[in-house]
Amino acid sequence: MSYLFRKLAQTNPKNRIHDAQIFVISCRKLSIVPSLYDGEQDPAPKFFSSNVQVMLKRLTRPDYNKVFRKRTNQGLTILKTPSYKFLTNEELEVELANAKKKAEKLLQMPPVVKIQKHIDDVLSKDPALIGYDTAKYLFTDITFGVANEHRFIIERDPDGILRSCDHDVRKRLNQTYFPMNGRKLREPLMFTDQEKLYSLLDREKYEFVLDRACVQYEPDEPSYQKITSITYQHIDTLSKYELLRSTRHFGPLVFYLTWHQSIDNLILELLQNSAVRDAVLLTALRQDLHGDVVNGESLPSLVHQVLATPIQLTKPECLTEEDIQLDSKCLKCIEKYIKTNSSMKSQQELALQGFRENYKQLIELSRGLQKAHGKA
Amino acid sequence: MATKILTLGNILSRPINFLLKQNNVNSNLKTNFSTTTVACVNFFNKLPAEKLWKSVTSVSNAGAKKGRGKGAGRIRIRDLNRGQVIGVGKVNILWPGLSAPVIRGRELLRQQRLPEDPERLEKLIKIRDSMIKFRRLKLSPIERGWSGSKLPGRSIGPPDKIGEDEFTGFDTKVLQLRALLIMKGSLGRTRNYQAMVVTGNGQGLAGFGFGKAKEAPAALRKAKNRAGQKLMHFEIYNGHTINHDFYTAFGKTKIFVQKKNEGYGLVCHRAIKEICQAIGIKDLRAKVEGSNNLQHLVKAFFIGLLQQKTHQQLAEEKKLHLVEYKSENAYFPKVIASPSEVRTKEQIPKDETLDFTQYVMNDKVILKKKKFPRFYESMPHYKIFLRKYEKYRNHEKIRLNLKVEYGEVKSFLTDKYPEKNEQEA
């Protein structure tokens, strides 16, 4: 039988193509199962709480060179000649403060909220109107200045029921009357076609996918949460966190991973890049969201100390005594975390060991330097 | 001139005809046969071709000095025998033993008339014309200079190596090649050639040189080697442009040079463009005012480049931070140079120029000419055009969007009314 089939495949070229396609599809990694924020608990209050926001922003590690990098979507068809200014110290500080404000705006995180509920709100039933027409009637209040989510949009069904519209119809009508720049009435192919989405992810165009999803969808839409979830998991499995750092999507990524109890890979990456302080912040975030970290009571004070220090974009070359004290505290904390809470113990311990050895050398070097300068 | 040549050609080919005709006449009039020679005495059969041609093409000594008999209108000597074969003529006759073998196979060939070849004369004329057409030296577009095969703007290779040291990666461009005429007591007016070239490796190293000689190639060689000896190093900002705008002058030549963004290109005088390419500058704008003297221009530009300051120097001079703003980086203030000590606002005098461009241009301002509306914009047809095409202004975008959504230009109505499509097809 199998021989027969093979022969058939050989003789019929169409069949052969079909076989090949099946093979390609089976090769694709379609194993990611999106997990949405659809449980009992609402993530919004946690996400918007001030200490979580601060920690997420800190974990984003904003590097201004990347935040203000050249983008292809700025609408600049040609480059412009740069301008130069002579500035005093005070003027420079003002300028930098302005730039910081601009950066905060660029780094504003897309909100993480619970998935939307269906609107099933019957306003009136008029049996007298049954069969008045074959089509639905939609009524939209297009008063200027009303927010899209509060706009009055209702439908009259042919069976005489007057009801509020569901989210998909609301979105369509809102987009028709008050079009949002960049949003399409139809979902773009890259989101509807699984194949295309995965090809983008395989090419590591994570930021593009997330940015476009932000424009196309509302944060409480199931499709948005599905796409972001797939993207985050893709990043997590490949440990490509660096691609999202200094962008507005890193906070939601960390929140997603913490919420779904899968931060071990991220902690491993942090330890390998000797960012112990960030690892402590991450454990504190977990403590905030789930409260299952051992000796979590001591974490807030440590987090406070860490937040007081400036952001380390690169590995430090010289250490002060306070740095050493803080780092040793962080080390102890992480050690405890790995022993009790981690599911990737051996790898993380190995990474920690590597970090410790490097750190020892660094301590010796910086102490030697200070001695040589006659300061200690 | 052309008609002259044609008539000459006719006359030259005529005697043969005369002879032929005479022969025919003689054969017909058998009764009046005489052996007296016909005295056809004109200079065509008295003088050799060489002398005849000389009489047409020669130019007097005084005329030659003025440049007569040169260039496009010049008469050239043509070899009228070219393309002609003995035994083959206007009347196509087979002459056994002359234009054909006597015996072909086992057959004895006889003199006979063949059908006429209509293209024979055309071919002959074509061959003759090919001898007189003035042909310019053809160069490939890559090798061409500023103006065809003229030397200015052309590349003449790297300078000759000195001992063991080779000029690898260098290329030399000719900027100027001209004849200098000098009167001498014994020799009269003599010619000297002067060349100005620029050589560089495209990575910041460049120099220019002059050369004088009796012959052009020698002048070029001298200039090239001298340029190789006078190399200067220039800093290239971010590998594509100059450090800052500057004003420079030499003699009556003034140049305003502006730093430009990546991808702007070289918008300047052709000589400045060649210099920039030799140095490795890719983006810049230069406006020349005053005299266009090429040597002054080159000197002024090199002086200007050399007098540039580094950003650190500028910051130190001003005792202020130098900050760069780029539109593509959302105008993020990037500090590119900081002085050792910074002045406060109170320490800066009121009348000091703080504007960067004004400071580096030495308070010179480039004249910006007013841009007038284009000539057709005030005409009525332009208004009609605008009104007419207003409704089409978004069609291109819509078409693109339809292609994205449906894969072709169609709308939601196409499925509903398929007959419309069929009609069109």
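## Sheet and helices

Helix α9 (residues 311–318) of chain B lies across β1 of chain A and across β13 and β14 of chain B, at about 90 degrees to β14(B). The model is predicted: local features need pLDDT of at least 70, side-chain atom pairs count only at pLDDT 80 or more, and totals for chains, interfaces and linings use all residues. Residues are numbered from 1 along each chain as its sequence is written, and chains are lettered from A in the order in which they are written.

Helices (H or I, at least four residues) and strands (E, at least two) are DSSP runs numbered from the N terminus. Angles run from 0 to 180 degrees between N-to-C directions of axes fitted to C-alpha atoms, for helices over the stretch in contact; contact means heavy atoms within 4.5 Å.

The open sheet has three strands in the order β1(A)-β13(B)-β14(B), paired antiparallel. Pairing requires at least two DSSP bridges between two strands. β1 (83–87) of chain A and β14 (334–337) of chain B are at the edges with a single partner strand each, so one side of each has no neighbour in the sheet. β13 (residues 321–325) of chain B pairs with β14(B) over three bridges, and B:Glu324 has B:Lys334 as its bridge partner.

| Helix | Reference element | Angle |
|---|---|---|
| α6(A), residues 89–106 | β1(A) | about 130 degrees |
| α7(B), residues 270–279 | α8(B), residues 294–306 | about 40 degrees |

The axes of α7(B) and α8(B) are 10 Å apart.

Key: Heavy atoms only, no water.
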